Every structure is written in structure tokens, then in C-alpha cells.
Amino acid sequence: MAREAGTEIQKAEKAGVLTAPEHTRPGPIYSPSVDIFENDSSITVLADMPGVRSQDLNIDLRENMLTLTGRVTPAENAKESDVLREYHPGTFYRQFALSDTIDRAKIDAKLTHGVLRLELPKIEKARPRQISVRTD
Amino acid sequence: MLVRRVWPSRPAFDSPFGGFDQVRREMLRLFDAVAGETSGDIGAGAFPPLNVTQDDENFYLRAEVPGIEPDELSISAVRNRVSLAGKREIPREHDRVSYHRRERAEGSFNRTVTLPMEVDANRVTARCADGLLTLTLPKAEDAKPRQIAVRT
């Protein structure tokens, strides 16, 4: 994936997913595009979830399984008819298994312009510690 | 030999409308294929994906633009054409980080849509919320269909 500035942006095809427990809610389910990175103290998840309002976003961390669910309420009202349709609103759903132990009390989530930024701080004992070697 | 049944091939003799039902299903499947329900959407590859709808008064253009600041968007409308241009930048992370996933794309985009009718460019309004852009484009008064009364 080219990430240099100035390149033409490509539409990421919304990837449909088949979830292990099948969803009973009608409508398509999409896997949001994410960036995940970590440093010594935390793991950060950025997820594109356009159309999801903060009250419709559910973040669940159970054992080491992180589940993101974002529901999208279709914006159209009943009187509108389609002229062009390139996307179908649906639910965003994605699960991640996290390897490090997360300090649940300090998890921070922020939703700005349809992008979720989730900061998952690692608990103290899971952080790598530099061990200095003493010489006699 | 394994035969995958793409769709029920059982002849539906049990219902007088069975035949119709089959035709209807076939049609729906074809429509779905055309509309891109089964294979990638129309306009695939162009960012951002757009939906255009209309009612009696307005056209509504909606685009999924996650992570784009509203002032990074440049929107213009003339006659029956609407253009949407902008740039999506993903801020660099300063501290030393190692990436596990990097799926979100950045770059510039420029899209033009031709509407089936002229719009009143002076009254176009744009709203951006939760990464969803909504343009309301009022149809031009002289382009609106007029009801014609038939005299007897």
C-alpha cells in the first residue's frame, strides 16, 4: 500500500465478514480498516467507522479478545429514492486477540470524524524492562 | 461428483406461482449482480464511495469520508454537476512504534457526479458528521417537473 503523500487515494473495498456467532441483525456486516501499532507502554487501534455515532459504538474486552461493534443508522429518510448507490450502510465488526495484558482501568477511546482511536495501556508488569548488567 | 447447487433447481410444481417465483428469483439475482451486491460495487476503486438519492425537492449526496477534517473538503456545484475533492492525511505517530496493521489509506481524491437534473447551486448545503458527508442539493425550480392540468 502506497502511503506517500500526494498519491491518489484508493477506495478500500468494504470487506464483508462472516462472524463466528452469526448476527441476527439485518443488513451487511463490514470489517473496518484499521491501523494497529504499539510502543513500550500501550497498544493503539485506529479504526475507520464512518457513520457510527459514539452511542452506537460498542467496545468489548474480554479475556484478551477485543471486539469492536459499530452500528450505522441509515441516513436516508423513507421518501428518498436511489439515484446512485456505491455503498451500503451496515454494521462494522472486528475482533482482535491481544497478546499483552491490558490495564482495563486506563483504556481510552475517542471517536472523531468517524475514526475510532483506542488506547490500550499495558499493565506495568507486561512492559519490557531494561535490565542493566552489573560488572564486578 | 459433487454438484454445488447455486440455487434451488427444484421445479416448483407445488404452487401455481412456482414458475413465477423462480423467474422472480432469477431476476433478483441478476439485479443483485448488476447492482454489485454480489461482486464489488459500481464505482469500485474510487474514493470516497458516494450514494445519491432524491426526493421531490432535493438531491442528497452522501459520502463516507472517515478521518477527514471538514475544512479539508472542497465542494463545488455547477448546473447538474457536483465535485468533491480533498485530501486525507493520517498523522504520523511520533514515538517509536511498531505497526501490526496498516490498512487505512491516505491521499488525495477528486470526484464529480452528474445529476439527472440541474440544482440550485446557491442553496446547496453541506454537513459533515461522524465521518459522513451529506450534501443537500435543491433541485432548480425551472428543472422541476410541472404538473399539467388537463382541461375538459
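Two strands count as paired here if DSSP finds at least two bridges between them. Keep that in mind as we walk through this predicted model, starting inside chain A.

Look at strand β9 of chain A, residues 108–112, and strand β10 of chain A, residues 115–121: they run antiparallel and are joined by five bridges, so they pass the cut-off of at least two. To get your bearings on the pair, find Leu111(A), whose bridge partner in β10(A) is Leu116(A). β9(A) and β10(A) make a hairpin, with two residues between them. In that turn sits His113(A), with a positive phi of about 50 degrees.

Now over to chain B. Chain B has 152 residues, of which 22% are buried. Take the contacts in chain B between residues at least 6 apart in sequence, and 50% of them link residues at least 24 apart.

So much for the separate chains; next, where they meet. Chain A puts 38 residues into the contact and chain B puts in 48. On the chain A side, the elements giving two or more residues are β3 (34–38), β4 (42–48), β5 (52–62) and β7 (81–85). The residues on that side of chain A split into 15 nonpolar, 14 charged and nine polar.

Strand pairing also crosses between the chains: β3(A) pairs with strand β5 of chain B, residues 98–102, in the antiparallel sense over four bridges. To find the spot, go to Asp35(A), whose bridge partner in β5(B) is Arg102(B).

Methods: Residues numbered from 1 in each chain as written. Chains lettered and ligands numbered in written order. Predicted model: local features only at pLDDT ≥ 70, side-chain atom pairs only at ≥ 80, totals over all residues. Contact = placed C-beta atoms within 7 Å. Nonpolar A, V, L, I, M, F, W, Y, C, P; charged D, E, K, R; others polar. Buried ≥ 20, exposed ≤ 12 C-beta atoms within 10 Å, placed from the backbone.
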